[in-house]
Amino acid sequence: MAVLQTAYTDQVAPGFAGMVANAETSNRITRTNEDSASLPFGRAVFRGAQDHGCTATVGAGFLGISIAHEALGLLAGATPDAFPQNASVPIMTMGVIWVNASVAVAKGDQAYVTSAGLLTNVSTSNTILTGWVFDTTTAAAGLAKLAKR
């Protein structure tokens with residue numbers, strides 16, 4: 001029998017990008033991914049060109065953060081941990097969710113998204129995610145909770 005895993009870490013990761021962080025009140029919607037590229041879990045999602053469409057392209061019409069979907073099947077050639085084109089994307093419009101911060105952040109910092117779609121606390125040349133703040137502190141880029149209450 002093949003060995004699948006031979007090494008284990010001492011501690012389990014607290015979360016992963018796109019994972020709902022807790023049971024606080026939240027609001028969730030679903031839209032269809034219009035991007036030809038896959039839309040990753042835990043990313044800022046914006047209104048698409050079509051009715052009920054969405055895109056990861058930074059622009060007007062911020063909707064929320066894409067929620068990870070553990071039952072999403074991985075097709076041959078598909079990007080892992082991302083929604084392919086025309087997939088239904090669950091989006092958190094209010095609540096607490098794990099994301100990958102692109103820089104060190106502190107709890108209470110306002111959240112912004114770069115033109116590349118990365119989440120940051122730096123306002124210069126970035127798009128504000130109104131109402132969203134980092135809920136945890138990181139010493140460098142990495143996993144952080146993002147909240148809108």
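Mentor: A residue is called exposed when its relative accessible area is over 50%, buried when that area is under 20%, and partly exposed in between. We shall apply these cut-offs to a predicted model.

Trainee: Is His-52 buried or exposed?
Mentor: His-52 is found in the loop between strand S3 (44-47) and strand S4 (53-55). Its relative accessibility is 55%, and the cut-off to pass is over 50%. Because of that value, His-52 counts as exposed.

Trainee: Which loop holds Ser-125?
Mentor: Ser-125, a residue other than glycine, has a positive phi near 60°. With a relative accessible area of 73%, Ser-125 is exposed. Its place in the chain is the loop between S9 and S10.

Trainee: How many salt bridges does a search of the whole structure find?
Mentor: One of them pairs Arg-149 with Glu-24, the closest N and O atoms being 2.8 Å apart. In another, the side chains of Arg-149 and Asp-135 meet at 2.9 Å, N to O. For the whole structure, the number of salt bridges found by the search is two.

Trainee: How many residues apart are Arg-149 and Glu-24?
Mentor: Arg-149 forms a salt bridge with Glu-24. This pair links distant parts of the chain, since Arg-149 lies in the segment after strand S11 (142-148) and Glu-24 in the segment before strand S1 (27-33), and their separation is 125 residues.

Trainee: Which residues do salt bridges that share partners join into one network?
Mentor: Asp-135, in the loop between strand S10 (127-134) and S11, pairs with Arg-149 in the segment after S11, so this contact ties together parts that are 14 residues apart in sequence. Asp-135 counts as partly exposed, at 26% relative accessibility. The network formed through shared partners consists of Glu-24, Asp-135 and Arg-149.

Trainee: What distance separates the C-alpha atoms of Ala-116 and Asn-86?
Mentor: Ala-116 sits in the loop between strand S8 (110-113) and strand S9 (119-120), and at 53% relative accessibility Ala-116 counts as exposed. Ala-116 and Asn-86 are 30 residues apart along the chain, and the distance between their C-alpha atoms is 21 Å.

How values were computed
Residues numbered from 1 in each chain as written. Predicted model: local features only at pLDDT ≥ 70, side-chain atom pairs only at ≥ 80, totals over all residues. Heavy atoms only, no water. Helix = DSSP H or I, 4+ residues; strand = E, 2+ residues; numbered from the N terminus. Buried < 20%, exposed > 50% of the residue type's maximum accessible area, 1.4 Å probe, protein only. Salt bridge = Lys/Arg side-chain N within 4 Å of Asp/Glu carboxyl O.
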